[in-house]
Amino acid sequence: MVTRALDVVMLGPPGAGKGTQAKRVAAAFELLHISTGDLLREEVAKGTALGEEAKGYMNRGELVPDELVGKMLAKRLHSQRAALGCVYDGYPRTSAQGILLDGLLAELGRRVDAVLYLNVPDSDILARITGRRSCPSCGAVYHVRTQPPKVDGVCNACGVALVQREDDREEVVRERLRVYREHTAPLLDYYRGRKILREADGGLSPDEVFKRVREAMETVRA
Ligand code: AP5
């Protein structure tokens, strides 16, 4: 039996848990996890021309121009690993990006099958983001209080010292939230109109959120 590719968008404000859940969904449903934030941070770390251009926008909490992010996404989407489907984490973020994703998928005879919206109150977001620590080597994400590593400040898998993201400072987080409301939240209506939006309470524990996300995914697969 040939299984059709499955393409799922994770939508939600900064710190909603998109990355945390996208990794689990990708593993459980054998999809490629495409995080535009992670890809951009890799470019910055490598000091590429794209990274140099993106860095300023990211550190200010602004969106990197659609064209730059679009090219990066198209490359991943055309890779062999994307053939069975993808979880898009942090993409799309503007209406233009939503239209581009539809176009890229249509060229492959695919479409966005579901949009998982993680709804988290603003009051939780700041605490989540300021407590986040990540591994610069494997990308694992922790939280100093809710998901601490076994040894304080050290990655469980790599033994490397954890770091805090440049854009996780409070004033930058406030700007990211403003940008989310202005440019990204309107996509909720775009996908609601297509009847593919599924909402999960992102304020629960990561395991509880995943339970709900998995249930929503099963209805998409059915
Ligand atoms: P990006 O990296 O995509 O950042 P974001 O969307 O702001 O999302 P975050 O990574 O902050 O949060 P998340 O929802 O993934 O939460 P996480 O799982 O880590 O983008 C960064 C920047 O890159 C942008 O500002 C922009 O400049 C640029 N960019 C990226 N994509 C772009 C695009 N398409 N177009 C233009 N520019 C783009 O969880 C957060 C914390 O909470 C962690 O510590 C985690 O352990 C903890 N946590 C997770 N779930 C729970 C839970 N259920 N309960 C308690 N704690 C939890």
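These legends walk through close-up views of the structure shown above. The model is predicted, so to speak of local features a pLDDT of at least 70 is needed, side-chain atom pairs count only at pLDDT 80 or more, and totals for chains, interfaces and linings use all residues. Residues are numbered from 1 along each chain as its sequence is written, and side-chain values use heavy atoms, leaving out hydrogens and water.

View 1. Five strands line up as β2-β3-β1-β4-β7 in an open sheet with parallel pairing. Strands here are DSSP runs of E with at least two residues, helices are runs of H or I with at least four, and both are numbered from the N terminus. Two strands pair if DSSP finds at least two bridges between them. From one strand to the next, the twist averages 20°.

**View 2. β2, β3 and the helix on the sheet.** Four bridges join β2 to β3 (residues 85-89) in the parallel sense. Look for I34, which stands opposite Y88 in β3. Helix α1 packs on the sheet and touches β1 (6-11), β2, β3 and β4 (114-119). Contact means heavy atoms within 4.5 Å. The direction of α1 makes about 170° with that of β3; angles run from 0 to 180 degrees between N-to-C directions, and axes are lines fitted to C-alpha atoms, for helices over the stretch in contact.

View 3. Helix α7 (residues 170-184) and helix α8 (residues 186-193) have axes that come within 5 Å and cross at roughly 35°. Y180, R181, E182, H183 and T184 of α7 make the contact with P186, L187 and L188 of α8.

**View 4. Around the ligand.** Among the 36 residues around the ligand, T20, E62, R93, R132 and R176 come nearest; a residue is near if one of its heavy atoms lies within 4 Å. Which helix gives the most to this shell? That is α2, with four residues.

View 5. A polar side-chain atom of R132 lies 2.6 Å from a ligand oxygen atom, while a backbone N or O atom of Y142 lies 2.8 Å from an oxygen atom of the ligand. A polar backbone atom of P206 is 3.3 Å from a ligand nitrogen atom.

Definitions and conventions
Polar contact = N/O pair within 3.5 Å; in protein donor to acceptor, adjacent residues only side chain to side chain.
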